[in-house]
Structure formats: C-alpha cells, structure tokens
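Open the model in your viewer and keep the selection tool ready. Each stop below says what to pick and what you will find there.

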Amino acid sequence: MFIIAGLGNPDRQYQGTRHNVGFDVIDLLSEKYNIAVDTKKHRAYIGKGVIEGHKVILAKPQTYMNLSGESIRSLVDFYKIDPENELLVIYDDVSLDVGQIRIRKKGSAGGHNGMKNIIAHLGTDVFARIKIGVGEKPRGYDLADYVLGKFSKGERELMEEGYVEASEATAGIICGEIDKAMNEHNKKKKE
C-alpha cells in the first residue's frame, strides 16, 4: 500500500493558493482514478483506491501546513507502511519555476515548514517527494504572503500542466520506477 499525501491548508480561503498545490494534485488524482477523498481520519481527508494496479491512500492533511507531520505520522503508523518505500509527499517549492516539478527520494525540508514537520515526526528524511514549482518570491514580498497568494491566469495554465506531469510521475513512482520518473521529469521546461 502506498500513501500519497498532498500538502496544503484546509480552509476555503486557501483554495487556489501557491501553498495548496499538493491538494490540487490529490484532487486531480482523485478525479483521474475515481478515488473519493472524503473520509475524515488521521486529521486528514483520505480516500482508498487503486492506481496502476497498486493499492493507494490519497491524503489531504487538515492540520494546516506547518503541522502536516502529525497527520502523516498517524497515517504511517495506522497503515503500518514503510515511509522509505511507501510514502510520497507532494508540495510547493519556491525555488522552482512555476509548474516545474522535481522528484527526490530523500532530502532536507529546504526551508518548507510542512516538510520540516513531517521529517521531525517521521524521524527520517528518506521518503519520496514531488516538489512543484510556484516561482520565486518577488523582492520585497513576505514569503508567507507570497505562498498564500493566488496564481495569475498565465501561471495557472503552467500549474495545470505541472499537476498533470506530477500525476504521471506519481503513477511511475508507485509502480517502483522512481529513477525513471526522475530522469523523465527532473529537467527544466523549455521556454
């Protein structure tokens, strides 16, 4: 079983913000694979289903971004999964161009508070993740205000492409092809 967790903030006011791209990818996977993510358990909305022949749980933690680890830890413990091989976390990254994705098998939080909390709760940074670029914060902007801001129309189109790419990469990762997914998706987009 694979847990695929998309990070975001639960309130309606955060829908469509840069910080909620993880939720947006979960919504796309939910629609694509017909998995209803509507059961509230482990401080998350979850849905059980099958992607490419593999049992999965799609999860949208409802703890607010900075406490995401509380929900993820509860899911990992309850379903007795090995985070190193059966957990995928999808989240925003301000160091990547808008809509660009980057897949990693492990790594630091890179300043992302949701990831810091997950790593602290799991006691490891060895688990798969897909980072989705939301663009660099403009000079003079507060980082929190920037990531809680919405995308422009042009950015939204690039993000939609990024979500599709992230969903394709997710399918590859849960099929055990993370290296192939990294080779295919970890490259800069052409202008």
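Select Tyr14. In this predicted model, Tyr14 has a relative accessible area of 16%, so it counts as buried, the limit being under 20%.

At 36% relative accessibility, Tyr64 is partly exposed. What do the rings of Tyr14 and Tyr64 form? Their centres lie 6.4 Å apart and their planes meet at 85 degrees, so this is an edge-to-face pair. Trace the chain on both sides. Tyr14 sits in the loop between β1 (2-6) and α1 (21-32), and Tyr64 in the loop between β4 (54-61) and α2 (68-79), so the pair ties together parts 50 residues apart in sequence.

The structure holds three aromatic pairs. For another of them, select Phe78 and Tyr79. Their ring centres are 4.9 Å apart with planes at 80 degrees, so this pair is edge-to-face. Tyr79 is buried, at 15% relative accessibility.

Next, look for charges over rings. Select Lys60 and Phe23: the charged end of Lys60 sits over the Phe23 ring, 5.2 Å from its centre. Then go to Arg129, which lies over the face of Phe127 at 4.4 Å from the ring centre.

Last stop: Asn117. Find it in helix α4 (residues 113-122). Is Asn117 buried or exposed? Asn117 is buried, with a relative accessible area of 15%. Show its contacts beyond four places in sequence: Asn66, Leu67, Ser68, Gly69 and Glu70. To finish, draw a distance from Asn117 to Lys48. Their C-alpha atoms are 24 Å apart, and 69 residues separate the two along the chain.

Note on methods:
Residues numbered from 1 in each chain as written. Predicted model: local features only at pLDDT ≥ 70, side-chain atom pairs only at ≥ 80, totals over all residues. Heavy atoms only, no water. Helix = DSSP H or I, 4+ residues; strand = E, 2+ residues; numbered from the N terminus. Buried < 20%, exposed > 50% of the residue type's maximum accessible area, 1.4 Å probe, protein only. Contact = heavy atoms within 4.5 Å. Phe/Tyr/Trp six-rings, centres within 6.5 Å; stacked < 30°, edge-to-face > 60°. Lys NZ or Arg CZ within 6 Å of the ring centre and 35° of its normal.
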